[in-house]
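Here is a short briefing to read alongside your view of the chain. Keep the model open and follow the points topic by topic.

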Amino acid sequence: MATNITSREIRLAGRPHGVPGPQHFELVSDTVPPLAAGQILIRNTWMSVDPYMRGRMDDVPSYLTPFQVGAALDGSAVGEVVDSRSGDIPVGATVSHFLGWRDYAVVDAASAQLVDVTAVPPQAYLGALGTTGLTAYVALTEVAPVRPGDTVFISAAAGAVGSVAGQIARLLGASTVIGSAGGPEKTKKLTTDFNFDVALDYKAAPIATQLIRAAPQGIDVYLDNVGGDHLAAAITAAKPRARFALVGAMSTEIPKNLFEAYWKELTLRGLLVTSYFDKFPEWTARATTWLTTGTLQTTETVLHGLDQSPQALLGVLKGENIGKMLVRLTS
């Protein structure tokens, strides 16, 4: 049994008012508690950093519990089991779980998921094979289903969800896939790596003007990762009865043309991926095949070391990542 292990963790040092900074995080060391029956000890190797974590830094009701000041943050991670008091998960297994932001995690075995890393790398279970990929999949199959011949628009298309969603839209039969991103490096990757037909640089010109030019006949489906001006532009460009999946909103500004959604009979439907975990087996089977055959391409932005985790989150909030933002915790 592992004993006297010291683990570092990132704690919330204070609640930000506006844009968070390094001062809102602290790196603390503590001794790992002994395992109880049914628990496992995981040495984390990779952790995920995601935009939703900013909302959890505020003390407001949400679909996830807010982070507590003085306590460790948490989030998706994968790692190796180094000690076990569970008959279901042995030492040496690779598992995914939700206690990232620390070197070692004591987890109830029932809340950890064994993952197969023979065909894909472990960090894939934080991206395409994790909730990131599942979000993109259910957005375009359940919430705003793509039909053959559709014109699909995806915002934040160079990000973790958007880069996967564009490729899924194509695989589902979309005739035209349009994505928005910030800057020439990101927009280039949309068309060269992620199978988008058109890439719009929202930093270069108003997104509404660019979208109308890219889809003069209108859009059938919109996957919204941004809100604000992107949502307003999509409403203007939407065909009657177009379908919108509301996944995320970096902007909380309410579109001034929202009433247009009424007379166009648009469907605007929110998505919480936690409501679709029953779709994981279906998605994992399809995505694993697509990944191993090269049909689905992914990109990662990786920072190294637990101490870089706050910078990784701040980078996501500034749009510095291409694809999935990850922190590698071990060399």
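Leaving aside its neighbours within four places in sequence, which residues is A238 in contact with? They are I219, F244, K264 and L266, where contact means heavy atoms within 4.5 Å. This is a predicted model, in which local features need pLDDT of at least 70 and side-chain atom pairs count only at pLDDT 80 or more, while totals for chains, interfaces and linings use all residues. Residues are numbered from 1 along each chain as its sequence is written, and side-chain values use heavy atoms, with hydrogens and water left out.

- A238 sits in strand β12 (residues 238–246); helices (H or I, at least four residues) and strands (E, at least two) are DSSP runs, numbered from the N terminus.
- With a relative accessible area of 6%, A238 is buried; buried means under 20% relative accessible area, exposed over 50%, and partly exposed in between, using a 1.4 Å probe and protein chains only.
- Between A238 and D220 there are 6.3 Å in space, C-alpha to C-alpha, and the two are 18 residues apart in sequence.
- T151 belongs to strand β8 (residues 151–154) and counts as buried at 12% relative accessibility.
- Neighbours within four places in sequence aside, the contacts of T151 are S175, T176, I178, A215, G218, I219, D220 and V221.
- S309 is part of helix α9 (residues 309–317), and its relative accessible area of 0% makes it buried.
- Residues up to four places away in sequence not counted, S309 touches I10, M47, W101 and V327.
- P90 lies in the loop between β4 (77–84) and β5 (94–97), where it is partly exposed at a relative accessible area of 48%.
- V81 and S84 are the residues that P90 touches, not counting those up to four places away in sequence.

**Helices with a covered side**

- Helix α9 is mostly covered, as seven of its nine residues are buried: S309, P310, A312, L313, L314, G315 and V316.
- The cover over the buried residues of α9 includes β1 (6–12), β2 (25–31), β3 (39–48), α1 (52–56), β14 (300–304) and β15 (324–328).
- Just after α9, G319 has a positive phi of about 75°.
- Helix α4 (residues 184–192) has K186, T187, K189 and L190 buried.
- These residues cover an arc of only 155° around the axis, so they are on the same side of α4; the arc is that of the directions from the helix axis to the C-beta atoms.
- The buried residues of α4 pack against β9 (176–181) and β10 (198–201), whereas the face turned away from the buried side carries the exposed P184, E185, K188 and T192.

**Helix pairs**

- Helix α2 (residues 131–143) and helix α8 (residues 280–293) pack at about 100° with their axes 10 Å apart; axes are lines fitted to C-alpha atoms, for helices over the stretch in contact, and angles run from 0 to 180 degrees between N-to-C directions.
- α2 and α8 are therefore roughly perpendicular; angles under 35 degrees count as roughly parallel, over 145 as roughly antiparallel, 65 to 115 as roughly perpendicular and the rest as oblique.
- T131, G133, L134 and Y137 of α2 make this contact with F280, E282, W283 and R286 of α8.
- The residues of the α2 and α8 contact are four nonpolar, two polar and two charged; Ala, Val, Leu, Ile, Met, Phe, Trp, Tyr, Cys and Pro count as nonpolar, Asp, Glu, Lys and Arg as charged, and the others, Gly among them, as polar.
- α2 also packs with helix α3 (residues 160–171), at an angle of about 45° and with the axes 8 Å apart, and the two are therefore oblique to each other.
- On the α2 side T132, G133, T135, A136, Y137 and L140 meet A160, V161, V164, A165, I168 and A169 of α3.
- The contact of α2 with α3 has nine nonpolar, three polar and no charged residues.
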